[in-house]
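Please take a look at the sequence and the fold before reading on.

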Amino acid sequence: AAVRRYAARGVRHYELWNEPNIHGFWKPEPNPAVYARLVKAAYREMKAVRSDITVVAGALAATGGYAGPECAGGASRVNPIPFLEAMYAEGVQGSFDALSYHPYTGGGRPGESHPCNGWHQMAGTTPSLRSVMEAAGDGGREIWATEFGARADDVGEQGQAERIAAGVRLWPRYPWAGPLMVYAYRDPGNDPFNLVRMDWSRRPAWHAYREALAAAR
């Protein structure tokens, strides 16, 4: 129904759910097998309406570490790597066009080697999201970073700016990278991820984002 309504208006990209690997968005607890069945059914029906759309699955949250209790994972917050492994075990291969991921780094920085760093888990850990995709025959599919940023409350406004700029600079170097989307411009409630404050004044991250984008072109 969504594709019939919005594809006619030029919408070509559709993301299935948001962060199904954490209990805040999938009640009562994350279930990769059920999510995989949702993806397979949705992909089939959506492509039957418009074959030229892009269906993005995952929107996986960066949480925990692979079998690493020190990274604050657990039953209610499943690390994205085993979650993706379980999706493939359920036969999801061939039922999405790109994998969506939110490579937040926590207190770290993009490119830093640490098992709890969500950015590092894309391709730097063993296993990684990329190695799981490649093992499943999906090495030709991209990872889309549909949320990335840093909490100014945690790392300070200058730290937020530095992390966003570093991510924008690194992203074009990855051959498997699709779009990179920074969260957030100005979300109501003075969200600590915002690039601008509630009075519309610009945080250092706003300037750093523009400068990094200009340099990356």
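A polar contact here is a pair of N or O atoms within 3.5 Å; within protein, one must be able to donate a hydrogen and the other to accept it, and residues adjacent in sequence count only if both atoms are side-chain atoms. By that rule, the side chains of His102 and Glu19 make a polar contact at 2.7 Å. His102 is buried, with a relative accessible area of 0% (buried means under 20%, with a 1.4 Å probe and protein chains only). Beyond its neighbours within four places in sequence, His102 is in contact (heavy atoms within 4.5 Å) with residues including Asn18, Ala59 and Thr146.

His102 belongs to strand E3, residues 98-102. Helices (H or I, at least four residues) and strands (E, at least two) are DSSP runs, numbered from the N terminus.

Now for the sheet: 5 strands form an open sheet in the order E1-E2-E3-E4-E5, with parallel pairing (two strands pair if DSSP finds at least two bridges between them). E1 (13-15) and E5 (177-182) stand at the edges with a single partner strand each, so one side of each lacks a neighbour in the sheet. E1 pairs with E2 (residues 54-61) over 3 bridges, and Tyr14 stands opposite Val55 in E2.

| Helix | Strands | Angle to E2 |
|---|---|---|
| H2 (residues 32-49) | lies across E1 and E2 | about 160° |
| H3 (residues 80-89) | touches E2 and E3 | about 140° |

Axes are lines fitted to C-alpha atoms, for helices over the stretch in contact, and angles run from 0 to 180 degrees between N-to-C directions.

Residues are numbered from 1 along each chain as its sequence is written, and side-chain values use heavy atoms, leaving out hydrogens and water. In this predicted model, local features need pLDDT of at least 70 and side-chain atom pairs count only at pLDDT 80 or more, while totals for chains, interfaces and linings use all residues.

Conventions: Buried < 20%, exposed > 50% of the residue type's maximum accessible area, 1.4 Å probe, protein only.
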